[in-house]
Amino acid sequence: MNADTRTSSPASTAGPKLRRADGSPVRVVVVDDEATLSDLLSMALRYEGWEVRTAAEGRAAIGLIREFQPDVVVLDVMLPDIDGLQVLKRLRADGQDTPILFLTAKDALDDRIAGLTAGGDDYVTKPFSLEELVARLRGLIRRSSIVIADSSDPLLRVGDLVLDEESYEVRREGRLIELTATEFELLRFLMRNPRRVMSKAQILDRVWSYDFGGRSSIVEIYISYLRKKIDAGAEAMIHTVRGVGYMIKATG
């Protein structure tokens with residue numbers, strides 16, 4: 001068993017039940033070739049009130065995700081046919097930006113970085129607790145357009161950059177910018193703190209909600225992703241303060 005067997009009942013996390021914007025249940029796809037683990041995860045996620053579909057192979061998962069259009073995917077890296085990284089690359093090539101949580105027995109930092117740099121949004125290493133996994137999924141879902149932010153003014157503005165917390169749209173000079181769930185959350189954190197230098201530790205804690213093995217390289221990677229999208233063809237808004245962290249400020 002790769003989940004934490006100390007969990008004797010279905011996972012339960014604090015907070016209200018999450019639902020899609022239209023009131024229907026959150027949709028989750030679990031991709032793992034270990035039937036016992038897949039069944040256990042499905043039970044825990046259905047306990048959250050979510051609609052769950054499963055796949056045991058990579059190619060089958062791609063077809064299922066295209067058809068089912070889930071709100072989040074739990075994706076094992078090691079699969080019988082094609083691995084989880086290949087599954088993710090094919091989904092991203094299709095334009096699928098569904099948040100992906102990687103699930104794997106590997107614990108090397110390089111493997112984690114590979115999954116996240118390929119376009120994944122989070123990473124859980126076996127063995128794990130069901131409570132932790134559900135909490136991670138809830139975090140990814142909250143960053144997506146399923147949950148509307150509780151804010152009197154949904155618009156965050158820094159210069160000509162506008163982030164809408166309700167529609168989850170980002171525009172600069174009126175140009176729509178497509179972001180992944182993690183990129184959106186990172187940008188939102190920076191824009192909520194304009195002209196303030198945020199340390200890598202602060203970003204890790206706020207955006208990933210846990211210490212990523214004490215490694216800050218993942219922050220650098222996602223900052224570079226944001227710069228390519230936000231600052232492309234315009235004056236730089238995201239700045240590095242060497243030895244301290246990162247800051248966003250209006251140009252001019």
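Contact, as the word is used in these legends, means heavy atoms within 4.5 Å. The views are taken from a predicted model.

Figure 1. Glu183 is a residue of helix α6. Setting aside neighbours within four places in sequence, Glu183 has contacts with Glu178, Tyr222, Tyr225, Leu226 and Lys229. Since buried means under 20% relative accessible area, Glu183 counts as buried at 4% relative accessibility. The other residues of the helix share this setting: eleven of the eleven residues of α6 are buried, so the helix is largely enclosed by the rest of the structure. Among the buried residues of α6 are the charged side chains Glu183, Glu185 and Arg188, together with Ala181, Thr182, Phe184 and Met191.

**Figure 2. Leu187 and its contacts.** Leu187 also lies in helix α6 and is buried, with a relative accessible area of 0%. Beyond its neighbours within four places in sequence, Leu187 is in contact with Leu161, Leu163, Val170, Leu179, Leu226, Ile230 and Ile248. For the pair Leu187 and Ile248, the separation is 61 residues in sequence, while the C-alpha to C-alpha separation in space is 8.8 Å.

**Figure 3. The largest nonpolar core.** This core holds 30 residues, of which Leu161, Val170, Leu187, Ile203 and Ile248 touch the most other members. Two or more residues are given to the core by each of the strands β6 (155–158), β7 (161–164) and β12 (245–248) and the helices α6 (181–191), α7 (200–208) and α8 (217–230). The most come from α8, which gives seven residues. Apart from this core lies another, of 22 residues, among them Leu45, Val124, Phe128 and Ile141. Within the largest core, Ile203 is one of the residues that touch the most other members. When neighbours within four places in sequence are left aside, Ile203 is in contact with Leu186, Phe189, Met198, Trp208, Val219 and Tyr246.

**Figure 4. Packing of helices α6 and α7.** Two packed helices are described by the angle between their axes and the distance between the axes. For α6 and α7 the angle is about 125°, and the axes are 10 Å apart. The two helices are therefore oblique to each other, and their crossing is right-handed. From α6, the contact is made by Thr182, Glu185, Leu186 and Phe189; from α7, it is made by Gln202, Ile203, Arg206, Val207 and Trp208. By class, these residues comprise five nonpolar, two polar and two charged.

**Figure 5. Packing of helices α1 and α5.** Helix α1 (residues 35–47) packs against helix α5 (residues 130–143) at an angle of about 60°, with 11 Å between the axes. That angle makes α1 oblique to α5. The crossing of α1 past α5 is right-handed. On α1, the residues making the contact are Leu40, Leu41, Ala44 and Leu45, and on α5 they are Leu130, Leu133, Val134 and Leu137. The residues of this contact divide into eight nonpolar, no polar and no charged.

**Figure 6. Two loop residues with positive phi.** Most residues other than glycine have a negative phi. Tyr168 has a positive phi of about 60° although it is not a glycine. This residue occupies the loop between β7 and β8 (169–172). Tyr168 is buried, with a relative accessible area of 15%. Glu173, likewise a residue other than glycine, has a positive phi near 50°. Its position is in the loop between β8 and β9 (175–177). Glu173 is exposed, with a relative accessible area of 61%.

**Figure 7. The chain as context for the close-up views.** The secondary structure of the protein chain comes to eight helices and twelve strands. Of the 252 residues in the chain, 48% are buried. Among contacts in the chain with a separation of 6 or more, 62% are accounted for by residues 24 or more positions apart.

Methods:
Residues are numbered from 1 along each chain as its sequence is written. This is a predicted model: local features need pLDDT of at least 70, side-chain atom pairs count only at pLDDT 80 or more; totals for chains, interfaces and linings use all residues. Side-chain values use heavy atoms; hydrogens and water are left out. Axes are lines fitted to C-alpha atoms, for helices over the stretch in contact, and angles run from 0 to 180 degrees between N-to-C directions. Helices (H or I, at least four residues) and strands (E, at least two) are DSSP runs, numbered from the N terminus. Angles under 35 degrees count as roughly parallel, over 145 as roughly antiparallel, 65 to 115 as roughly perpendicular and the rest as oblique. A crossing is left-handed if the near helix is turned anticlockwise from the far one by less than a right angle, and right-handed if clockwise. A nonpolar core is a set of buried Ala, Val, Leu, Ile, Met, Phe, Trp, Tyr and Cys residues joined through side-chain atoms within 4.5 Å. Buried means under 20% relative accessible area, exposed over 50%, partly exposed in between (1.4 Å probe, protein chains only).
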